[in-house]
Every structure is written in C-alpha cells, then in structure tokens.
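Please look over the sequence and the model before reading on.

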Amino acid sequence: MPTIEFSGREIAQGSLPPLCMRCGKKATAQVEKLFEVQGDADEITTRSPVGFTMGFIQSFGRPKLCLRAPFCAAHRGHWRRVKLLIVAGLVPVLLCLFSLAIVMVRWKDYADTTPGAVHGIAFLVLLFGWALLSVLVYETSLHPTVVEANRLVLKGVSDGFIRAVEQQRRRRKSGN
Ligand SMILES: [Zn+2]
C-alpha cells in the first residue's frame, strides 16, 4: 500500500493539499488525529499483555503528533470506523466468554461435557477470528508505521494525495 512520509514541520504547518488522504477526491473536512511518538521500549512492551498494559499507561505521558488530515465526506469517519469495527468484533467474543463462565459456575462438570467442549471451542474460534479481523482491518486502514518526534510515516494513503504533496513540496522548494 502507498506510503508517505511527513516532516515535523509539515505536520505543524498543517497545510496539506485539499485532497482526501484515502481516495484522492476533493477534501471536504480536516480530521485532527493524534499519533503517539514511539519510545525505545515499545518493541519489548507490546509483546506481552502486561507489557502492553504498561505501555498503554505510559503512553499518557508521551508526546504526540497532531496531524490535520484532509478527507472527503465518505472518508471523514475512516479512523472512527476502524476503531468501531475492532471494538464491535470483540462483543461476540466477550459474550461467549461470559456465558461460558456463567454456565461453569452453575454446572461444575460443564467443561467435560460435549456442549461444554463445543462452547469452549466456539470461544477460541471467535477469539482467533477477532484477532485476525483486527489485524486485517488495521493493516488495510490508513495507519502509521513510524511516529517520531519529527517524522511520521503513514501507510494506506491514496496515490492522488501523494502526488499532490510531492507537487506542493516542489513548488515550495522553488519558492513559488
Ligand atoms: Zn475519500
């Protein structure tokens, strides 16, 4: 998927071409998006649930880059939709887990019965499906691959938008 790199200065100026970052059509809105600057410890902390939680807590104190991203009417809710889809996908997983827990409290040998085994397998399948869906949705969405104090690399950007940014950069370089 096409990738674009912004400098800290470009992000601060916020004067990106008025084209949708996702499809390249005329932009009708600017969406402010915060990207958390990655720390050195990220590599290790995201590998375990405990590390992930610690990283999440630490992230509140981390500096963030604010990008004013141009979008068309159809894509202005792009990031919100991605988040919603991932959260909504978790609902059946949790429902299955809770129902499993409730039945097991009342029926001690439930795990050893056929319905119990099917219930358990259903939970694992849902969990795996959700993990897969989340990765797919995120990877095909507009998402950062590098977030540094002075550099932001975004993946999933439209070719039309990239061309317009390159044109803008050339114009600025030549002083027009
Ligand atoms: Zn669009």
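The model is predicted. The protein chain has 176 residues, of which 11% count as buried. Its secondary structure comes to six helices and five strands.

**Overall layout**

- Read from the N terminus, the elements of the protein chain follow the order β-α-β-α-α-β-α-α-β-β-α.
- Among contacts in the protein chain between residues at least 6 apart in sequence, 77% join residues at least 24 apart.

**The three-stranded sheet**

- Three strands form an open sheet in the order β1-β5-β4, and their pairing is antiparallel.
- The edges are held by β1 (3-7) and β4 (143-148); each has a single partner strand, so one side of each is left without a neighbour in the sheet.
- On average, neighbouring strands of this sheet are turned by 15° against each other, with direction ignored.
- Five bridges connect β1 with strand β5 (residues 151-155), in the antiparallel sense.
- Within this pairing, I4 has L154 of β5 as its bridge partner, and E5 stands opposite V153 in β5.
- The pairing of β4 and β5 is also antiparallel, and five bridges make it up.
- P144 has L154 in β5 as its bridge partner, and L154 is the bridge partner of I4 as well.

- Helix α4 covers residues 78-106 and helix α5 covers residues 114-140.
- These two helices, α4 and α5, pack at an angle of about 170°, and their axes are 9 Å apart.
- Angles over 145 degrees count as roughly antiparallel, and α4 and α5 are therefore roughly antiparallel to each other.
- On the α4 side, the residues that meet α5 are V82, L85, I86, G89, L90, P92, V93, C96, L97 and L100.
- On the α5 side, the residues that meet α4 are H119, G120, A122, F123, L126, L127, W130, L133, S134, V137 and Y138.
- Sorted by class, the contact of α4 with α5 has 17 nonpolar residues, four polar ones and no charged ones.

**Residue K83**

- K83 has its place in helix α4.
- K83 counts as partly exposed, because 14 C-beta neighbours lie inside 10 Å; a residue is buried with 20 or more such neighbours and exposed with 12 or fewer.
- K83 and Y138 are 55 residues apart in sequence, and their C-alpha atoms are 8.8 Å apart in space.
- Y138 is also one of the α5 residues that meet α4.

**Helix α6**

- Helix α6 (residues 159-173) has 15 residues.
- At 1.5 Å a residue, α6 should span 21 Å, and its end C-alpha atoms are 21 Å apart, which agrees.
- One of the 15 residues of α6 is buried, so this helix lies largely in the open.
- G175 follows α6, and the phi of G175 is positive, near 80°.

Notes:
Residues are numbered from 1 along each chain as its sequence is written. This is a predicted model: local features need pLDDT of at least 70, side-chain atom pairs count only at pLDDT 80 or more; totals for chains, interfaces and linings use all residues. Two strands pair if DSSP finds at least two bridges between them. Helices (H or I, at least four residues) and strands (E, at least two) are DSSP runs, numbered from the N terminus. Axes are lines fitted to C-alpha atoms, for helices over the stretch in contact, and angles run from 0 to 180 degrees between N-to-C directions. Angles under 35 degrees count as roughly parallel, over 145 as roughly antiparallel, 65 to 115 as roughly perpendicular and the rest as oblique. Two residues are in contact if their C-beta atoms, placed from the backbone, lie within 7 Å. Ala, Val, Leu, Ile, Met, Phe, Trp, Tyr, Cys and Pro count as nonpolar, Asp, Glu, Lys and Arg as charged, and the others, Gly among them, as polar. The expected span of a helix is 1.5 Å times one less than its number of residues.
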